[in-house]
Amino acid sequence: LAAAVGLAVVNLLEQGTFQERAHALGPQLRDGLEKFLGTGVVAVRSVGLWAGMDIDPALADGHEFCRRLAQHGVLAKETHGSTIRFAPPLTVGPADLEFLLAAVGAVLTELQAGR
């Protein structure tokens with residue numbers, strides 16, 4: 001069973017559809033996150049649909065930020081204290097990314113209001 005699943009994944013990856021999607025949607029994620037620079041976000045890095053966003057540690061730590069994102073329906077992972085890692089599935093669509101970006105904006109607004 002594991003070999004059959006692995007073979008099916010390799011066949012999907014050989015087609016390149018998911019890689020093309022990541023290449024096409026990566027700029028939407030990166031550009032959307034970069035709009036938050038200066039509002040509690042101090043840096044953004046991305047490759048395709050993988051993105052890292054550094055938040056100002058004075059605003060919140062990564063754990064708190066991710067906890068609040070989860071309350072808005074977005075799961076993300078904090079790394080290195082104040083870095084948030086986004087790794088949406090390769091089946092993500094433009095509307096899903098807009099949902100993610102809206103949640104990031106909402107959390108930043110909440111944290112700024114709490115200062």
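Modeller: Happy to. Start with the sheet: 4 strands make an open sheet in the order β1-β2-β4-β3, and the pairing is antiparallel. Strands here are DSSP runs of E with at least two residues, helices are runs of H or I with at least four residues, and both are numbered from the N terminus. Two strands pair if DSSP finds at least two bridges between them. β1 and β3 stand at the edges with a single partner strand each, so one side of each has no neighbour in the sheet. From one strand to the next, the twist averages 25°. For such angles, axes are lines fitted to C-alpha atoms, for helices over the stretch in contact, and the angles run from 0 to 180 degrees between N-to-C directions.

A word on the model before we zoom in. This is a predicted model, where local features need pLDDT of at least 70 and side-chain atom pairs count only at pLDDT 80 or more, while totals for chains, interfaces and linings use all residues. Residues are numbered from 1 along each chain as its sequence is written, and side-chain values use heavy atoms, with hydrogens and water left out.

Now look at β1 and β2. Strand β1 covers residues 41-47 and strand β2 covers residues 50-55; they pair in the antiparallel sense over 6 bridges. The two form a hairpin with 2 residues between them, and Gly48 in the turn has a positive phi of about 60°. Along the pair, Arg45 stands opposite Gly52 in β2, and Ala43 has Asp54 as its bridge partner.

Buried means under 20% relative accessible area, exposed means over 50%, and partly exposed is in between, using a 1.4 Å probe and protein chains only. The side chain of Asp54 makes a polar contact of 2.9 Å with that of Arg45 and another, of 2.5 Å, with that of Thr83. A polar contact is a pair of N or O atoms within 3.5 Å; within protein, one must be able to donate a hydrogen and the other to accept it, and residues adjacent in sequence count only if both atoms are side-chain atoms. Leaving out residues up to four places away in sequence, Asp54 touches Gly40, Val41, Val42, Ala43, Arg45, Ser82 and Thr83. Contact here means heavy atoms within 4.5 Å.

On to β3 and β4. The loop between β3 (77-79) and β4 holds His80, whose phi is near 55°, a positive value in a residue other than glycine. Most residues other than glycine have a negative phi. His80 is exposed, with a relative accessible area of 77%. The C-alpha atoms of Pro89 and Ala22 are 67 residues apart along the chain but separated by 9.2 Å.

What covers the buried residues of α4? The list includes α2, β1, β2, α3 (62-71) and β4. The buried residues of α4 include Leu97, Leu100, Leu101, Val104 and Leu108. With 20 residues at 1.5 Å a residue, α4 should span 28 Å, and its end C-alpha atoms are 29 Å apart, which agrees. That expected span is 1.5 Å times one less than the number of residues.

Finally, the core. The largest nonpolar core has 28 residues, and those with the most contacts inside it are Leu33, Met53, Phe65, Leu69, Ile84, Phe86 and Val104. A nonpolar core is a set of buried Ala, Val, Leu, Ile, Met, Phe, Trp, Tyr and Cys residues joined through side-chain atoms within 4.5 Å. α2, β1, β2, α3, β4 and α4 each supply at least two residues of this core, and α4 gives the most, with 8 residues. Take Leu69: leaving aside its neighbours within four places in sequence, Leu69 is in contact with Val74, Ala76, Ile84, Phe86, Ala103, Val104 and Val107. In soluble globular proteins, nonpolar side chains tend to be buried together.
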